[in-house]
Protein chains: 4
Amino acid sequence: MARHRFLCPLRWGDMDTYGHVNNVMFVRYLEEARVDLFDRLGRDGTWDMLDTGCLVRSHAITYRRPLAHRTAPVPIDVWVTRVGAAAFDLAYEIHDGDGAVYATAETTLVPYDFAAERPRRLTDDEKRRLAALRDEAKS
Amino acid sequence: MARHRFLCPLRWGDMDTYGHVNNVMFVRYLEEARVDLFDRLGRDGTWDMLDTGCLVRSHAITYRRPLAHRTAPVPIDVWVTRVGAAAFDLAYEIHDGDGAVYATAETTLVPYDFAAERPRRLTDDEKRRLAALRDEAKS
Amino acid sequence: MARHRFLCPLRWGDMDTYGHVNNVMFVRYLEEARVDLFDRLGRDGTWDMLDTGCLVRSHAITYRRPLAHRTAPVPIDVWVTRVGAAAFDLAYEIHDGDGAVYATAETTLVPYDFAAERPRRLTDDEKRRLAALRDEAKS
Amino acid sequence: MARHRFLCPLRWGDMDTYGHVNNVMFVRYLEEARVDLFDRLGRDGTWDMLDTGCLVRSHAITYRRPLAHRTAPVPIDVWVTRVGAAAFDLAYEIHDGDGAVYATAETTLVPYDFAAERPRRLTDDEKRRLAALRDEAKS
């Protein structure tokens, strides 16, 4: 595995008064792609990053073409571009599966110890797992 | 005028299950700050950018500290950092008025001709007005 | 056909700080179920209610048990309970497919002429189509 | 005190593609009015209903006229219409201060013991406080 593909359902209410999906909702879609990624990674029961917690440190998103509402979900590819000591980066591509790209984005995430209320370092196991999601060709 | 300050009301429902304002809602707050800025600029009736339309080309946002829900609004400062031929940049600071900064962000906006369905160039009048909002000290 | 079943995807961000899907989001789910219903009804190209427009006149919703976030969609059954001269009623059941009901609701909808900016009467064709969605056993 | 008035700020993004405030957002505004009411009631430090918790049992809302986006907040009046053994009802009127009513609504709330994960009865003190918010003329 390198890239993870999430099929993101849209909602009619995601449109704004201009009749296209509002720019804020794209950031919501990134959240859904992350949750889906972490959910799949955690299915063997040995990955606890979502339980331990993770904070968004930053987002950068570029909108490339307007997205109209549709009942079919929109594919979002997500992959790892950097694994640091106490942070990691995800990249995303929101597209239509036929080459048309609606948006590209990057998020820096920080593992967070909610009990102690402070950021923490990545464990070696976490680094190994995240490295397996790294897409060399795109990073 | 250089910086524009918008007092952004929070909503209880902006919190996510972690008990803090969700990262996506900060991007909604940026939208509110832009709408408030354009609303004030347009009160003399000679500025029609919001009518003509404007698309978000990109956002970059960095989260600096968690924001708990509160009934008092959160100040957002917004100012212009760049005026190009067919795009301009806004910068924002979401803070508490006492030096604590919750997030900083930057947005590139593109004036858009909705009738013709394509981006357009800024007029000289628009450039002049945006330049007046430029905060040299911060850009 | 009598009842229409929509499989409603949840989003992680639909949860509020109590860790369950927020009550407001259930009303959003009702909207998604209506849009899906009208989309299916309109696929033969002869039904134009969504184009012509339709306003919500009222909602009544009863919450029966808390709904935790999950990646599997939640089934929503929707059917017609009344067809009047200038309004019709939909009923919904948000459930888990195994007998557990999360919420039941009813919405009164009014066909609306957006060009003339006023409500309008249902046509005979619309009444016939809506009547076919009527679930006698439940209304 | 009988009725409590909350000045509800709108957001540009509350509009849907029809250019009016979406019906779902009205239910969000009801939540804001409740939070504001409970916040004021709790300022003497002796009222702990929001800490203890409270679940929405049902909503009924009727939409009376479309609400366009505006920068001025929309007044919402909220008052108590019934105090039962283990539930109470609130009524709301979303209006413009000049007699035009956008929506009226009613919510049944159930005090909930989140530690024990079950509904609980209202205490005598809670009943007394809620009764003071009862608006006889309107209930």
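Predicted model: local features only at pLDDT ≥ 70, side-chain atom pairs only at ≥ 80, totals over all residues.
Q: Start with A and B. How many residues of chain A are in contact with chain B?
A: On chain A there are 13, and they are in contact with 13 residues of chain B.

Q: Which elements of chain A give two or more residues to that side?
A: Helix 1 (23–41) and strand 2 (54–63) of chain A do.

Q: And which gives the most?
A: Strand 2 of chain A, with eight residues.

Q: What's the make-up of that side of chain A by class?
A: Six residues are nonpolar, four are polar and three are charged.

Q: In what sense do strand 2 of chain A and strand 2 of chain B pair?
A: The pairing is antiparallel, over five bridges, and strand 2 of chain B covers residues 54–63.

Q: What is the bridge partner of A:His59 there?
A: In strand 2 of chain B, A:His59 is bridged to B:Ile61.

Q: OK, switching to B and D. How many residues are in contact?
A: Eleven residues of chain B are in contact with eleven of chain D.

Q: And the classes on the chain B side that touches chain D?
A: Six charged, three nonpolar and two polar residues.

Q: What rotation superposes chain B on chain D?
A: A rotation of 180°, with 0.0 Å of shift along its axis, and the RMSD is 0.0 Å. That is the relation of a two-fold axis.

Q: Which residue of chain B comes closest to the rotation axis?
A: B:Pro9, whose C-alpha is 3.5 Å from the axis.

Q: New topic, C:Asp14. Where does it lie?
A: C:Asp14 is in the loop between strand 1 (4–8) and helix 1 (23–41) of chain C.

Q: Why does C:Asp14 count as partly exposed?
A: C:Asp14 has 19 C-beta neighbours inside 10 Å, and a residue needs 20 or more to be buried and 12 or fewer to be exposed. The count for C:Asp14 therefore puts it in the partly exposed class.

Q: What does C:Asp14 touch, not counting residues up to four places away in sequence?
A: C:Asp14 touches C:Val21, C:Asn22, C:Met25 and C:His69.

Q: And how far apart are C:Asp14 and C:Leu130?
A: They are 116 residues apart in sequence, and 31 Å apart in space from C-alpha to C-alpha.

Notes: Residues numbered from 1 in each chain as written. Chains lettered and ligands numbered in written order. Contact = placed C-beta atoms within 7 Å. Nonpolar A, V, L, I, M, F, W, Y, C, P; charged D, E, K, R; others polar. Helix = DSSP H or I, 4+ residues; strand = E, 2+ residues; numbered from the N terminus. Pairing = 2+ DSSP bridges. Least-squares fit on C-alpha atoms with pLDDT ≥ 70 in both.
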